[in-house]
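Look over the sequence and the model, then read on.

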Amino acid sequence: MTVHPQPQPRAADRPRRKVFVKTYGCQMNVYDSQRMADALERDGYLPTSLAEEADLILLNTCHIREKAAEKVYSELGRLKKIKERRAGAGRATLIAVAGCVAQAEGEEIIARAPVVDLVVGPQSYHRLPEYLGRAAAGEAVVATDFAIEEKFASLPRPTAGRTRARGVTAFLTVQEGCDKFCTFCVVPYTRGQEVSRGVAQIMDEARRLAEAGVREITLIGQNVNAWHGQGPGGGRWRLADLLHAVAGIAGIDRLRYTTSHPIDMDEGLIAAHRDIAALMPYLHLPVQAGANRVLKAMNRHHSRDDYLDIVARLRAARPDVALSGDFIVGFPGESEAEFAETLDLVDAVGYASAFSFKYSPRPGTPGADLPGQVPEPVKAERLARLQERLNAQQFAFNQACVGRRTDILIEKPGRRDGQLAGRSPWLQTVIVDAGAGRIGDIVSVRITGAGPNSLTAVVDR
Ligand code: 5AD
Ligand code: SF4
């Protein structure tokens, strides 16, 4: 599809309106919010962190669990008061809802929260300025069409100035959408079919990030390891090939990718963990549940043993790889014995970090209609037991790092004066003294202490 850029007056010629962006949910939303902020900046908006002074309030929402969606509605209740206060002072405020709640609920949002002026789904962000113009003219705009390639082609690329202000690590979307249809998940409905971004576009963006001072790139996608494309020579590329290519860009010293599905962990990708020095020894590999019957009911397309086998092969390829996972407790029909298999799998793997959730029936997904919905108190009790075990593993993993020498990438000032916060290869936050280096430096340290959520270290001279 051809995109015809509209001639735009220079931003400086127009009054500077302000935009407040609030992001919920996954890294994909963080990335999308940044691209939208870039598009709005080009359209004359200045970012603000105060909703009260914003002419445009943009909520980039998440629909993955009921709680996440409900948060948006309570936030809209608060924003209504702000909009009214500003109107009283003669200032107009546009409220836009983007993201997966926008995609899933469409005009329902305006019906339930008439304070909203614009509803825009993830596949329509590149047309945001146009929609805002229409909303400003009084139209209630609902844009939830699917045209994902067009979006990739026309959202502004990150520029050096903007990126520099954002730091030394960056997300880069390489793939969006999902065809897996796990029976609990709304993503295939809100983000649509799996679409991979082209190699040239990805490499161009990665080079720009490197030029802007980014040292660590995380390739992101709902199903990032399903990414595929055509290499410059015409051959079929999988994610491992892309990782090799991005690792070759001068200045990019660290690479990560997320989120992966077990069934797309091909041999090449596992080997990449052995062969690419820049690829960090950390993998987020959701398993969701430990019992085969539950995995089948979830439509995961893999068994418990398949998962354990992938973990074993990964560890053979890269012995220090740290695993992270996602878990759902209380999927319909999950018995106590089946839940115990999840605990047992956790013990078998040994996670460095994890995310775990109570099953939340999402309207329109097959799981929501299954018999045997698990009562809330049972879910809560199982979640508490699972989290206790996962937290203990995370703490144990952190403690096992004490005394180790490793590199950290210094990312930002620490919470206390005189400190800096960096990241270990295993994605742990590492606190060092300000004298350790500058933001963007990769420094060699010795880990001196471990808490449940972070490490302390000293420079290893
Ligand atoms: N209920 C609970 N957790 C869910 N997830 C996705 N859908 C649901 C749901 N309906 C979790 C999965 C997924 C993570 C992003 O969110 O664990 O990996
Ligand atoms: Fe959702 Fe499953 Fe697709 Fe992940 S793989 S986005 S959990 S449907």
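## Basis

This is a predicted model, in which local features need pLDDT of at least 70 and side-chain atom pairs count only at pLDDT 80 or more, while totals for chains, interfaces and linings use all residues. Residues are numbered from 1 along each chain as written, chains are lettered from A and ligands numbered from 1 in the order written, and side-chain values use heavy atoms, without hydrogens and water.

## Ligand 1

The shell around ligand 1 holds Ile64, Arg65, Phe184, Gln288, Asp326, Ile328, Phe357, Lys358, Tyr359, Ser360 and Arg362. Each has a heavy atom within 4 Å of the ligand. By class, five are nonpolar, two polar and four charged. Here Ala, Val, Leu, Ile, Met, Phe, Trp, Tyr, Cys and Pro count as nonpolar, Asp, Glu, Lys and Arg as charged, and the others, Gly among them, as polar.

Polar contacts are pairs of N or O atoms within 3.5 Å. An oxygen atom of ligand 1 lies 2.6 Å from a side-chain N or O atom of Asp326. A polar side-chain atom of Arg65 is 2.8 Å from an oxygen atom of the ligand. Ser360 uses a polar backbone atom, 2.8 Å from a nitrogen atom of ligand 1. Alone, ligand 1 exposes 400 Å², and the protein buries 87% of that (Shrake-Rupley method, 1.4 Å probe). Strands β15 (322-329) and β16 (353-358) each give two or more residues to the shell. Strands (E, at least two residues) and helices (H or I, at least four) are DSSP runs, numbered from the N terminus.

## Ligand 2

Around ligand 2 are Cys178, Lys180, Phe181, Cys182, Phe184, Cys185, Val187, Pro188, Asn223, His261 and Arg300. This shell has seven nonpolar, two polar and two charged residues.

## Two helices

Helices α11 (267-275) and α13 (304-317) have axes that come within 7 Å and cross at roughly 35°. Axes are lines fitted to C-alpha atoms over the stretch in contact, with angles from 0 to 180 degrees between N-to-C directions.

Glu267, Ile270, His273 and Arg274 of α11 meet Ile310, Arg313, Leu314 and Ala317 of α13 (heavy atoms within 4.5 Å). The contact has four nonpolar, one polar and three charged residues.

## Backbone features

Most residues other than glycine have a negative phi, and most peptide bonds are trans. Gln288 has a positive phi of about 75°. It sits in the loop between β14 (282-284) and α12 (292-297). The peptide bond from Thr258 to Thr259 is cis, with omega near 0°.

Technical notes: A polar contact is a pair of N or O atoms within 3.5 Å; within protein, one must be able to donate a hydrogen and the other to accept it, and residues adjacent in sequence count only if both atoms are side-chain atoms.
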